[in-house]
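Dear colleague,

Please find the structure below, followed by an account of what was found in it.

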Amino acid sequence: MMSRYFLFIFLFFLFQDFAFAQYTPNYDESKVPVFKLPDPLKTFNGKKVKSVKKWETKRRPELLDFFTQNMYGEVPGELKITSYDVLEQSNNALNGKAIRKQIDLSFRKDNNLLDFTILMYLPKNTEKVPLFLAYNFYGNHTITNEADIIISEAWAADYPSFGIINNQLTEQSRGVRANRWPVEKMIDAGYGLAVIYYGEVDPDKDDLSDGIQPFFYVDDQQQPADNEWGSIAAWAWGLSRAMDYFEMDEQVDASKVIVFGHSRLGKTSLWAGASDTRFAGVISNNSGCGGAALSKRRVGETIWRINRSFPYWFCPNFKNYSKNEEALPVDQHELIALIAPRPVYVASAEEDQWADPKGEFLAALYASPVYKLYGKKGITQNEMPEVNQPIQNTVAYHIRTGKHDVTDFDWEQYIKWANTFIK
Ligand code: GCU
């Protein structure tokens with residue numbers, strides 16, 4: 001009896017060990033699997049792409065289609081802005097330094113209504129301005145201390161230390177994320193900033209009955225089809241609709257909109273830039289798995305892990321690649337390549353190993369041949385740069401000291417780079 005008991009304990013621990021080894025994230029370079037990275041300049045049929053024309057007519061469309069059908073998901077239909085309203089406006093924002101506008105975009109389809117509010121800060125006394133466009137995690141009112149910024153009523157994940165309880169944003173979180181948004185620096189450099197609370201487009205939870213996706217359900221459809229949009233594509237859709245608005249706003253230079261995002265919202269900015277060529281530039285801050293990091297390295301967060309924790313971010317088809325990265329005929333360097341020849345900036349943080357900084361660097365490096373095809377300079381060195389030593393070409397990369405975050409250092413680099421490559 002006793003020995004059976006010990007055998008059971010032994011097997012239990014053996015299994016735990018096995019499970020542990022299989023499921024713990026890997027951070028050890030020597031354990032990175034050997035893999036072959038697909039060549040962005042070779043078609044799925046194995047034909048070499050030697051001209052911009054072949055890239056644009058054959059290779060780019062097939063890559064875009066693969067990412068659409070198997071990863072981020074297709075937007076099932078078109079929905080234009082039904083109307084927009086200026087909710088609030090001031091020429092005296094940021095102590096007289098800037099113009100502030102809060103614009104509400106409404107979308108109606110059948111009996112559905114969705115609204116989201118764009119908060120804009122613009123430099124004064126200029127005509128059309130270039131703009132950074134971004135989502136925020138906890139509401140527009142978190143990005144500065146200004147009392148006039150409207151608090152969103154959309155669902156938010158609880159965050160008690162920000163005063164977010166019962167899924168409601170509150171006054172207590174006004175300005176709590178000002179550290180991530182050096183608005184005055186942007187204004188001084190001649191850029192506007194437009195932000196949207198991402199929860200207004202699709203609440204970040206595993207519920208497929210809220211946000212924009214249900215507008216397109218047919219009959220008794222309850223969730224997007226296997227090749228249809230997850231939340232990242234839904235958020236990217238919202239950025240494109242903001243772009244539709246900027247094309248009508250006389251204070252904005254819609255040919256100079258740079259889409260920025262951090263983390264899950266960095267995955268979103270990359271997909272927005274890849275799927276909508278109107279964005280003049282793209283910044284991915286610490287975007288990691290499903291963003292700038294190569295999936296086949298399986299360092300830190302992996303496809304299996306992200307699909308398990310956030311099953312609604314990607315389309316259901318993406319689950320085919322959980323623990324099956326070798327079957328993927330693409331990798332994230334090709335997502336970045338879809339942005340070519342437009343400027344793209346990939347940024348990592350030294351302590352953000354979960355996002356695999358090296359994998360982010362390599363994706364920027366291996367996207368570069370497509371930029372070269374256009375005569376643009378991508379990343380030309382094979383080794384990662386030192387920390388806090390940015391490489392700024394049309395493809396830019398830096399790894400800074402510190403953790404998963406958005407810092408002044410990051411924004412100083414983005415502004416400097418945008419001055420050269422976009423403004
Ligand atoms: C989690 C998730 C990441 C994501 C991050 C974030 O860590 O695993 O993929 O980038 O959240 O958005 O902050």
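In the largest nonpolar core, which has 96 residues, Ile118 and Phe246 touch the most other members. Such a core is a set of buried Ala, Val, Leu, Ile, Met, Phe, Trp, Tyr and Cys residues joined through side-chain atoms within 4.5 Å; buried means under 20% relative accessible area, with a 1.4 Å probe and protein chains only. Helix H5 (residues 231–246) supplies the largest share of this core, 11 residues. A second, separate core of 31 residues includes Ala134, Ile187, Val195 and Ile422.

The model is predicted: local features need pLDDT of at least 70 and side-chain atom pairs count only at pLDDT 80 or more, whereas totals for chains, interfaces and linings use all residues. Residues are numbered from 1 along each chain as its sequence is written, and side-chain values use heavy atoms, with hydrogens and water left out.

An open sheet of mixed pairing is formed by 10 strands, in the order S1-S2-S3-S5-S4-S6-S7-S8-S10-S9. Helices (H or I, at least four residues) and strands (E, at least two) are DSSP runs numbered from the N terminus, and two strands pair if DSSP finds at least two bridges between them. Strands S4 (residues 129–136) and S5 (residues 192–197) run parallel and are joined by six bridges; Asn136 has Tyr197 in S5 as its bridge partner.

Thr142 is located in the loop between S4 and helix H4 (183–188). Thr142 is buried, with a relative accessible area of 0%.

Yours sincerely

Notes. Buried means under 20% relative accessible area, exposed over 50%, partly exposed in between (1.4 Å probe, protein chains only).
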